[in-house]
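Here are my notebook entries on the sheets and cores of this protein chain. Have the structure open while you read along.

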Amino acid sequence: VRFDAGTEIPDTTFPLATFKWTGSDPDGASNIRYYQYSLNDTNNFLRIAGNINLLTLTKDSGLALNANNILYLRAEDGAGALSPITRMPDTSRTWFVKPVTSKILLIKDMPLSQFSIASSYFNNAFDTIRYDVLDIKSNGGNLIPKIVNPMFIETLKLFDIVVWSANQGNVTSDNANFELAQNSLPFYLLSGRKLFFTTGLPNAETQVQGSLINWAPIDSISSCTIALVSNGVSLINTDNSYPVLTASTLSQRVRGLKTTEPTQIIYRLPISTNCQSNTVVAIKDQAVNPKNILMTVPVYYLNADPNVSKILFRKILIDEFGYN
């Protein structure tokens with residue numbers, strides 16, 4: 001039995017891990033009666049049926065929190081003969097399991113060059129609200145679980161609220177990981193949990209709903225691009241229960257959203273010479289008790305007044321999403 005190539009466990013995870021393998025036998029794979037697995041030692045193997053090749057473990061399965069972990073695996077054939085033991089991670093490595101310490105997960109999807117400014121922003125904006133962090137950009141994205149369904153999706157579900165933050169998106173290195181988002185966020189939202197996704201959009205001038213963003217109630221992404229949004233420009237808070245946000249960093253190639261009912265507009269840009277209409281840059285899926293907020297500007301670029309950033313996140317997390 002061997003773990004499938006490309007499904008390696010990240011070096012750090014929350015207490016949820018999925019493993020996939022392939023077994024073989026000289027008398028045919030159907031002769032594998034059981035697989036046996038054990039966590040962190042080779043003295044306590046548990047059996048599962050030989051027709052299973054996918055296993056998800058949690059803290060209730062015995063994952064050791066705040067500790068290094070190893071999964072051992074072997075096959076047992078119809079006569080009771082055992083295969084050699086294989087392990088994940090391989091050789092002498094381990095993976096670290098960190099605990100969930102809050103109801104909120106911040107996904108850092110911005111370029112590494114932006115980590116410092118973004119971290120400072122969120123530390124201030126969340127104020128006293130506790131949050132956990134998943135970094136999906138460092139080490140070439142090696143902290144992203146390779147098995148999106150179920151591991152990444154179920155990792156998200158460990159949290160009531162996800163704040164997914166990326167950069168302005170006008171160059172490839174700035175783009176949010178839209179494919180990962182498309183493959184996970186619809187399932188996360190269907191589970192009743194809540195999302196604030198904030199990112200610029202790629203250079204492509206026209207995107208219909210679903211080709212880039214399949215988790216938000218939008219009709220399409222505007223074909224009109226605002227070349228620059230300068231420092232000091234304030235968004236128009238169409239929903240006046242939200243604070244007025246003012247840009248603290250230059251944003252390039254900002255694109256707006258075309259919405260569908262019952263979507264509610266939160267913020268627009270002022271009228272631009274490039275686009276002679278108010279460009280919608282933030283929406284929520286419904287007026288009352290929204291579960292899904294999308295912003296097409298990196299939120300940490302809108303920090304001219306750090307106290308207003310605190311008000312924004314109290315509005316989103318507490319008033320809108322019901323965090324307590």
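**Entry: a sheet with S1.** I looked up the strand order here and found S1-S3-S6, an open sheet of 3 strands with antiparallel pairing. This is a predicted model, so I keep that in mind throughout. The edges are strand S1 (2-3) and strand S6 (54-58), each of which pairs on one side only. I then checked S3 (residues 16-22) against S6 and found 5 bridges, with the two strands running antiparallel. Which residue of S6 is the bridge partner of Leu 16? I found Thr 58. Helix H3 (residues 148-156) packs on this sheet and touches S3 and S6. I noted about 175 degrees between the directions of H3 and S3.

**Entry: a sheet with S2.** I also looked at an open sheet of 3 strands in the order S2-S10-S7, where the pairing is mixed. Its edge strands are S2 (12-13) and S7 (67-69), each pairing on one side only. S7 and S10 (residues 95-97) are joined by 3 bridges in the antiparallel sense. One for my list: Ala 67 has Val 97 in S10 as its bridge partner.

**Entry: the cores.** The largest nonpolar core has 40 residues, and those touching the most other members are Phe 122, Val 163, Tyr 267, Phe 313 and Leu 317. Among the elements giving it two or more residues I listed helix H1 (115-125), strand S13 (161-166) and helix H5 (306-320). A second, separate core holds 32 residues, including Ile 144, Phe 159, Leu 257 and Leu 294.

Definitions and conventions: Residues are numbered from 1 along each chain as its sequence is written. This is a predicted model: local features need pLDDT of at least 70, side-chain atom pairs count only at pLDDT 80 or more; totals for chains, interfaces and linings use all residues. Side-chain values use heavy atoms; hydrogens and water are left out. Two strands pair if DSSP finds at least two bridges between them. Helices (H or I, at least four residues) and strands (E, at least two) are DSSP runs, numbered from the N terminus. Contact means heavy atoms within 4.5 Å. Axes are lines fitted to C-alpha atoms, for helices over the stretch in contact, and angles run from 0 to 180 degrees between N-to-C directions. A nonpolar core is a set of buried Ala, Val, Leu, Ile, Met, Phe, Trp, Tyr and Cys residues joined through side-chain atoms within 4.5 Å. Buried means under 20% relative accessible area, exposed over 50%, partly exposed in between (1.4 Å probe, protein chains only).
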